[in-house]
Amino acid sequence: MKTNRLAVLIVTAMILSAFVIFCTSRQTKQEQTLFTASFEPELESFKQYSYPDWFRDAKFGIWSHWGPQAVPRQGDWYARKMYESDIVNRRTNEPAGKSSREYLYHLEHYGHPSKFGYKDIIPLWKAERWDPEKLMELYKRVGAKYFVSMATHHDNFFLWDSKIHRWNSVKMGPMKDVVGLWQQAAKKEGLRFGVSEHLGASYTWFQPSHGADKSGPMKGVPYDGANPDYQDLYHPKTAPDDFEWLTKDPANQQNWLASITEVIDMYQPDLLYSDSELPFGEVGRKMLAHYYNQDILKNGGKLDAVYTCKHLSSEGRWVKDFERGAMDSISIDPWQTDTSIGDWYYRTGQAYMTGTQIIQMLVDIVSKNGNLLLNVVQTPEGDLEPDVLAILDEIAEWTPANGEGIYGTRPWLVYGEGSSIEKQERGRFGGVRDVRPYEPADIRFTSKGATVYAFCMLSPVEDIKISSLGKNSAMNNKKVKSVSMLGSDEKLVWKQAGDALVISIPKKLPSWEVPGFKIEF
């Protein structure tokens with residue numbers, strides 16, 4: 001029985017070693033690749049794509065998911081829900097027989113949506129306390145290596161200086177090129193810059209604006225979305241069977257292509273995110289081919305662009321994204337979690353993640369070859385609340401000391417150990433939950449060359465035992481030379497026993513809850 005178990009462990013180690021060698025050789029090949037602008041709108045053509053080093057090394061980005069929908073201070077999806085006098089199930093298109101909380105709020109604070117609609121919310125967004133340079137300085141201090149500005153949400157309001165769509169932030173609301181100013185601030189701080197587009201879902205998402213109350217004193221009175229004068233904001237009414245996340249209407253798809261092509265050409269972002277799978281078949285592939293090709297031309301043959309989308313197998317063609325979720329194991333290809341410290345838009349009284357939860361999430365994601373893109377919730381005025389600033393300060397204290405084990409790292413043979421490996425609650429949109437409880441015995445690993453970093457996912461209360469680094473472990477055939485705690489000069493007491501690397505609990509633990517250890521062989 002022991003012999004069989006030993007054989008299994010040896011085979012496992014061989015497989016994992018081969019995995020690491022494959023990843024390493026694949027990356028070496030990517031570093032040597034030069035491209036011509038030859039991408040075609042075919043899935044096969046995208047297989048020539050390779051992930052740029054900047055994204056693989058960055059690990060942590062901050063996102064501004066912000067716009068006019070923050071004005072009512074009611075959280076996400078206000079532009080749709082304010083029209084839901086009868087909530088409609090997006091998957092079945094069936095009414096629920098009750099009004100949304102946001103619709104009732106809108107009646108009380110703004111009036112009926114036939115008289116005061118979303119078009120009237122837009123001018124109320126002034127962004128009068130928004131200071132992109134000051135915020136970008138903060139985000140760099142927190143440890144972000146790239147920054148993403150939302151370009152347009154499902155509300156079809158553009159945050160750039162669009163020449164093809166009048167409903168934009170230069171002509172209305174703050175009267176500022178939000179995308180352009182964010183980009184300038186990011187470049188000043190040396191951060192890579194991206195944009196997110198949520199337009200693909202807008203055409204069906206905004207359809208409640210074409211409705212009317214089914215009962216009450218305003219029964220049958222059309223909401224302002226039905227007014228032909230505002231069809232360029234609310235979109236034309238779709239066919240009865242066109243209600244899924246991505247529209248089937250060819251005219252809408254071409255509108256999407258023109259809009260996203262415009263933002264690509266005007267700002268040439270390093271990263272582009274779609275809040276969907278790659279939209280609309282050949283139409284979406286045409287956009288993606290153009291995005292890659294223009295980046296190659298911009299960079300003289302080097303492809304630095306990253307496209308990230310959801311729910312499709314990547315196969316090396318783009319970066320797979322998980323909303324409020326994470327991979328459950330190491331991925332050969334880089335991937336990304338997108339999540340928010342709270343609601344996607346500002347909501348009065350909302351609860352936020354703690355700084356420790358965000359750090360735990362980052363470490364877990366990086367251990368599996370992923371990146372974290374974190375939305376930092378801004379007020380409608382554009383600044384950050386004191387409790388949000390306190391959360392960011394906590395992260396900013398941790399990253400300088402522990403960043404060595406995060407930035408520029410790659411996965412080790414295994415991503416971790418502990419009870420959290422077995423207990424993995426599923427994420428809302430796939431994968432596993434991004435935020436979950438941990439115990440001190442939960443460990444996550446990263447590596448850089450021959451060095452391994454081990455992070456305790458919660459501050460230890462007793463000696464730290466890392467079984468994957470024991471002398472007899474199938475994961476490790478090397479003798480440990482030194483162990484040090486990141487951000488500390490304390491000389492640690494440790495022993496590499498047969499069953500585990502045992503690190504005596506440090507005399508002085510750091511103030512943060514996720515300590516990191518550097519192990520050299």
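Predicted model: local features only at pLDDT ≥ 70, side-chain atom pairs only at ≥ 80, totals over all residues.
Residues are numbered from 1 along each chain as its sequence is written, and side-chain values use heavy atoms, with hydrogens and water left out.

The protein chain contains 14 helices and 18 strands, taken as DSSP runs numbered from the N terminus (helices H or I, at least four residues; strands E, at least two). Its radius of gyration is 25 Å, close to the 24 Å given by the globule rule for 521 residues, so the chain is as compact as a globular protein of that length. The radius is taken over C-alpha atoms, and the rule is 2.2 Å times the number of residues to the power 0.38. The C-alpha trace spans about 75 × 50 × 50 Å along its principal axes. The accessible surface comes to about 21,800 Å², with 53% belonging to carbon and sulfur atoms (Shrake-Rupley method, 1.4 Å probe; for residues, only the protein chains shown count as cover). Among contacts (heavy atoms within 4.5 Å) between residues at least 6 apart in sequence, 72% join residues at least 24 apart.

Eight strands form a closed barrel in the order β1-β2-β3-β4-β5-β6-β8-β9, with parallel pairing; two strands pair if DSSP finds at least two bridges between them. On average, neighbouring strands of this sheet are turned by 25° against each other, direction ignored. Strands β5 (residues 306–310) and β6 (residues 319–323) run parallel and are joined by three bridges, and Thr308 has Val319 in β6 as its bridge partner. Helix α7 packs on the sheet, where it touches β1, β2 and β3, and its direction makes about 175° with that of β2. Helix α11 (residues 282–298) also packs on the sheet, touching β4 (271–274) and β5, and its direction makes about 155° with that of β5. Axes are lines fitted to C-alpha atoms, for helices over the stretch in contact, and angles run from 0 to 180 degrees between N-to-C directions.

Strand β3 has five of its six residues buried, so it is largely enclosed by the rest of the structure. Six bridges pair β3 with β2 in the parallel sense, and Phe147 stands opposite Phe193 in β3. The chain passes from β2 through α7 to β3 in a right-handed β-α-β crossover, meaning that, with the strands pointing away from the viewer, the path from the first strand over the helix to the second runs clockwise. Strands β3 and β4 run parallel and are joined by four bridges; Gly194 has Leu271 in β4 as its bridge partner.

In helix α7 (residues 178–188), the buried residues are Val178, Val179, Gly180, Trp182, Gln183, Ala185 and Ala186. These residues pack against β1 (60–64), α6 (132–142), β2 (146–152), β3 (192–197) and α10 (250–267). Gly190, which follows α7, has a positive phi, near 80°.

Asp343 lies in the loop between β8 (335–340) and α12 (355–367). Asp343 counts as buried because its relative accessibility is 17%. Apart from neighbours within four places in sequence, Asp343 contacts Gly75, Asp76, Arg324, Gln350, Asn375 and Val377.

Key:
Buried < 20%, exposed > 50% of the residue type's maximum accessible area, 1.4 Å probe, protein only.
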